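Subject: Structure handover

Hello,

Here is the structure for you to open. My notes on surface and salt bridges follow below it.

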Amino acid sequence: MEKLRKLEGRGKLSAARKYLNFTGRYVTWKKILNVCLIEFEKFLKRPCVRGKPYVLVLESTNLCNLRCPGCLTGIGKNPVPEGQMTFGEFKSIIDDVGNYLILAKLDGVGEPLINKDIYKMIGHAHGRGVGTTFSTNFLLFSEEDAERLIKAGLDHLTIAVDGVTQATYAKYRVGGELAKVLNNVKVLLRKREELGVSHPIVELQFIIFDHNEHELPQIEELALELGVDRLYITESIARRLRARKPNLGKTKACYWLWNVISINWNGDYKSCSRGFISRFSLGNTRYQSPKEVWNNQRYRMLRALSARGEHPCANAIERIAPEYRCEQANSYFQQANSDPGSVNGASNGCDSD
C-alpha cells in the first residue's frame with residue numbers, strides 16, 4: 001500500500017497542497033495565461049479585472065441529513081431557503097467559464113450527495129476539462145453510487161470522520177453512524193480497485209475539537225487500515241479563534257474576490273463560501289452569467305474595499321467573532337443605490353475606469 005499522505009493546516013497554501021497534484025491535468029495554456037493575468041491584477045489590487053475566476057465553489061444543495069451543532073443548516077437556522085441546484089443551471093455556469101476553470105468544488109452548507117444530479121454535474125465539469133472535488137459525510141452512498149461517482153470522473157473526495165468511536169464521532173456529526181461511513185469508504189476503494197483507476201483521491205478529514213483531541217493518534221491508524229490516500233487534520237474554528245492573537249494591523253486583500261467565484265444553490269453569487277449562510281449576494285445567475293457578474297458594481301466595490309483593508313469579509317474568520325455575517329457588507333452598497341435591477345444589469349462599467 002502506498003504511504004498515507006498526511007496534510008495539516010488551512011488557508012490558501014493548504015488548499016493548493018490539497019488540489020495541485022490532480023488539477024495539473026486540466027491546465028491549458030489559456031488557463032495558465034488567465035491565472036497569471038488575474039494574479040497580476042490581484043497584486044495590483046485592481047477592482048476591475050480582465051482575468052476570469054479559475055476556481056468555482058458551488059453549493060449543489062443546502063439540505064443535509066445531519067445536525068452538526070457548528071453549522072447553521074445543522075441547527076436549523078440557515079437564513080437561505082432550502083433547495084437544490086438543477087443540472088441545467090449548473091451546466092450554464094460551467095459552459096460560461098469552463099474554459100478558464102481549473103477546479104470546481106461542489107459543496108457548501110449541505111450534503112452534496114442529497115442532490116441526485118451531482119453525478120451529472122461532475123461528469124459535465126470533467127468533460128469540460130475542469131477538476132472536481134467535494135466534501136461529504138458519506139452516509140448516503142451505495143455500491144452503485146461508487147461506480148457512478150468513479151465513472152463521472154470525480155478527482156478528489158473529502159470524507160468527514162471526526163472520531164474513531166461512535167460516541168466521539170456523533171458528538172459533532174449528530175445523527176451520523178460511523179460504521180456506515182467507514183463501510184462506504186471500503187466500498188468506494190474496492191470499486192476503484194475493481195475498475196483499475198486511481199480516482200477519486202480519497203481523503204479523510206479530522207477536525208480537532210476539545211472532545212476528540214484524545215483520538216488523534218488513532219485516526220492515523222484508522223486511515224492506514226482503511227487504505228485511503230490522505231488524512232487531512234485541521235482545527236475547529238472555535239479553537240483557531242481562541243488561539244489567535246488579535247489582528248491590529250491592516251488586513252490583506254481577500255483572494256476570494258479575485259480568484260474564486262462562489263455560487264449558492266439558488267444562483268446567488270457570494271463573495272466567498274462563508275456567504276452561503278447569508279442573504280447578501282453580488283447578483284444572481286438568473287440575471288447575469290459568471291462572466292458578466294465578475295465586474296459588476298458590487299464585485300468592484302468589494303475588491304476596492306478589500307484592497308484598502310476595509311472590506312469586512314477580508315480574512316473575516318481570522319479576526320472577527322464567529323457570529324460574523326456577510327450582511328454587514330450591505331452597508332457599503334447603500335451609497336451606490338444598488339437595487340436588484342442595477343446590480344444585475346448587463347453593464348459592468350469597467351470601460352469607464
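Start with Val27, which sits in the loop between helix H1 (11-23) and helix H2 (29-43). Helices here are DSSP runs of H or I with at least four residues, strands are runs of E with at least two, and both are numbered from the N terminus. This is a predicted model, where local features need pLDDT of at least 70, side-chain atom pairs count only at pLDDT 80 or more, and totals for chains, interfaces and linings use all residues. Residues are numbered from 1 along each chain as its sequence is written, and side-chain values use heavy atoms, with hydrogens and water left out.

Val27 is partly exposed, at 35% relative accessible area. (Buried means under 20%, exposed over 50%, partly exposed in between, with a 1.4 Å probe and protein chains only.) Val27, Trp29 and Ile32 make a nonpolar surface patch of about 320 Å². Patch residues have over 30% relative accessible area and no salt bridge; nonpolar side chains (Val, Leu, Ile, Met, Phe, Trp, Tyr) are joined within 5 Å, like charges within 9 Å. Areas come from the Shrake-Rupley method with a 1.4 Å probe, and for residues only the protein chains shown count as cover.

Now the salt bridges. One is counted when a side-chain nitrogen of Lys or Arg is within 4 Å of a carboxyl oxygen of Asp or Glu. How many salt bridges does this rule give? The count comes to 14.

Three pairs to look at:

- Arg148 and Asp145 form a salt bridge at 3.5 Å, N to O. Both are in helix H5 (residues 143-152), 3 residues apart, about one turn of the helix. Arg148 is partly exposed at 41%. Asp145 is buried at 11%.

- Arg173 and Asp162 form a salt bridge at 2.6 Å, N to O. Arg173 is in the loop between helix H6 (166-172) and helix H7 (178-194), and Asp162 is in the loop between strand S5 (156-160) and H6, so the pair ties together parts that are 11 residues apart in sequence. Arg173 is buried at 11%. Asp162 is buried too, at 0%.

- Arg230 and Glu203 form a salt bridge at 3.5 Å, N to O. This pair links distant parts of the chain: Arg230 is in strand S7 (residues 230-235) and Glu203 in strand S6 (residues 201-208), 27 residues apart. Both Arg230 and Glu203 are buried.

Last, a network. Salt bridges link Glu143, Glu147, Lys151, Lys191 and Glu194.

Best wishes
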